[in-house]
Amino acid sequence: MARVLTPRAEDFPRWYQDLIAKAKLADNGPVRGTMVIRPAGYAIWERMQAEMDARIKAAGAENAYFPLFIPESYLKREAEHVEGFSPELAVVTHGGGKQLAEPVVVRPTSETVIGEFMAKWIDSYRDLPLLLNQWANVVRWELRPRIFLRTSEFLWQEGHTAHATRSDARAYARKILHEAYEDLMVNVLGIPVVVGLKTARERFAGATATYTCEGMMGDGKALQLGTSHELGQNFAKAFDISYSSAEGGREHAWTTSWGTSTRMLGGLIMAHGDDNGLRVPPKLAPVQAYVMIVKDGEGVGEAAAKLRDGLRDAGVRVALDDRTDTAFGRRAVDAELRGYPVRVEVGPRDLAAGNAVVVRRTDGSKSPTPVADVVGAVLAALEADQRALHDQALAHRQSRTVEVATLAEAIEAAATGWARVPWSAVGVAGEAEANGQGVTVRCLLRADGSVPDSEDEPDLVAILARAY
């Protein structure tokens, strides 16, 4: 294959930008920091959306929609929240040719506006839990934009819930963390994630606890792929989200929020992509099998259409490429760039021998296969390659993660990957020192790998890394 992308080992950021452009996933928008998601990229996002939406609904949440514009006064009701988001806010001061009586903020997140309506809708303990989710865009003014990873406007889902007790709120925040986020990332995106607790320094503004899913990218850096937050009663008190208890008293609710975004697309590219382009895990791929006519004539078109129909009948998401007026090599390069898991190449020579060629994107193998056996071969390849991508990413993470004993060793290790170090050897002062050198504490874990309730628990392990 002709070199189309800058090699990852030569310049990883340039490779990332090349891939997005050459695979036609997205483009820069006209306003700095914005992006245009092209059909090839949006198709992957739609698959992520569908898989995530199903998991969120299985957890009991219902979809709703809340306004893009939020009164500035709403954000000021929760002090930590407004302080945390102030540098990123886009504020509208004029509308309809007139100055607004009160400036409105373009939604950076929706805790405040949803809190206002939770207070309106909740009256009794019988109204709890209230489990809401919305699919929306948000705006956070980004100083160093990078497509999918950090843009001033991005797409996401944000869940917001209210509960009668702290334990119920914590249980639900963790349910989403594991059953929606971790499950999707590991079993569909094929990205092994470390799930842990953020430190107070890294916690979401206004939260009492933030849980995270961290993935290692191809260059050894970390990417936060999703977070789930316990908000305690901070927003409930700010917005008077209260209810009549079974005993007749008036109590404030306990709330949570949680979100994943188009950042997952960036993570997918950097976790699985290679020097030939994107590699999309089969469970996620909008096109799982790409049937390509090498050269028309001699019954090739009919055979290719029949293979497409057979694959579709077997439940495979399939597309047929019959553009024989475009050179086959160019079309094959485009298919590699877009990461279609399997290609089925049909040409006169192979067909004369009763075969088609099954090409697997994950390992690049090409197998002449009897036409009658193609559907079975494709199904087997899809199943095997879903596992293979995850296992390769896991092996990469393990090879680039080291156990160290001191903060200095952790900072040094973070130059090439992740460090696991006792949290007691880092602490609040050590975390600030690491931040000064571009290294962050990605999350805290218990010794057995489970998620702690507090950073004050004994014997915690800290994951330190450079991050996007």
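Visitor: Why is Asp-309 called partly exposed?
Guide: Asp-309 has a relative accessibility of 30%, and the label covers values between the buried class, under 20%, and the exposed class, over 50%, with a 1.4 Å probe and protein chains only, so Asp-309 counts as partly exposed. This is a predicted model, in which local features need pLDDT of at least 70 and side-chain atom pairs count only at pLDDT 80 or more, while totals for chains, interfaces and linings use all residues. Residues are numbered from 1 along each chain as its sequence is written, and side-chain values use heavy atoms, with hydrogens and water left out.

Visitor: What makes the pair of Arg-308 and Asp-309 a salt bridge?
Guide: The term asks for a side-chain nitrogen of Lys or Arg within 4 Å of a carboxyl oxygen of Asp or Glu; for Arg-308 and Asp-309 the N to O distance is 3.0 Å, and the pair therefore meets the definition. Arg-308, at 22% relative accessibility, is also partly exposed.

Visitor: How do you know that Asp-53 and Lys-57 are separated by about one helical turn?
Guide: They are four residues apart in helix H2 (residues 39–58), and the separation is therefore about one turn; helices here are DSSP runs of H or I with at least four residues, strands are runs of E with at least two, and both are numbered from the N terminus. Asp-53 and Lys-57 form a salt bridge, with the closest N and O atoms 2.8 Å apart. Asp-53 counts as buried at 15% relative accessibility, whereas Lys-57 counts as partly exposed at 45%.

Visitor: Which residues are linked in a network of salt bridges?
Guide: The network links Arg-170, Arg-174, Glu-230, Arg-446, Asp-453 and Glu-457. Arg-170 and Arg-174 are among the buried residues of H6.

Visitor: What is the span of helix H6 set against?
Guide: H6 (residues 166–187) has 22 residues and reaches 30 Å from its first C-alpha to its last, close to the expected 32 Å, where the expected span is 1.5 Å times one less than the number of residues. H6 also bends by about 30° at Tyr-181, the bend being the angle between axes fitted to the seven residues ending there and the seven starting there.

Visitor: What makes a group of residues a nonpolar core?
Guide: The members must be buried Ala, Val, Leu, Ile, Met, Phe, Trp, Tyr or Cys residues, joined through side-chain atoms within 4.5 Å. The largest such core has 63 residues, and Leu-25, Phe-148 and Ile-269 are among those with the most contacts inside it. To this core H6 gives the most, with nine residues. Apart from it lies another core, of 26 residues, including Tyr-74 and Phe-85.

Visitor: Why is Tyr-74 called buried?
Guide: Its relative accessible area is 14%, so Tyr-74 is buried. Leaving aside neighbours within four places in sequence, Tyr-74 is in contact (heavy atoms within 4.5 Å) with Thr-112, Val-113, Glu-116 and Phe-239.

Visitor: Why is strand E22 described as largely enclosed by the rest of the structure?
Guide: Six of the six residues of E22 (residues 440–445) are buried, and therefore the strand is largely enclosed. Five bridges join E22 to strand E23 (residues 461–465), and the two run antiparallel; pairing needs at least two bridges found by DSSP.
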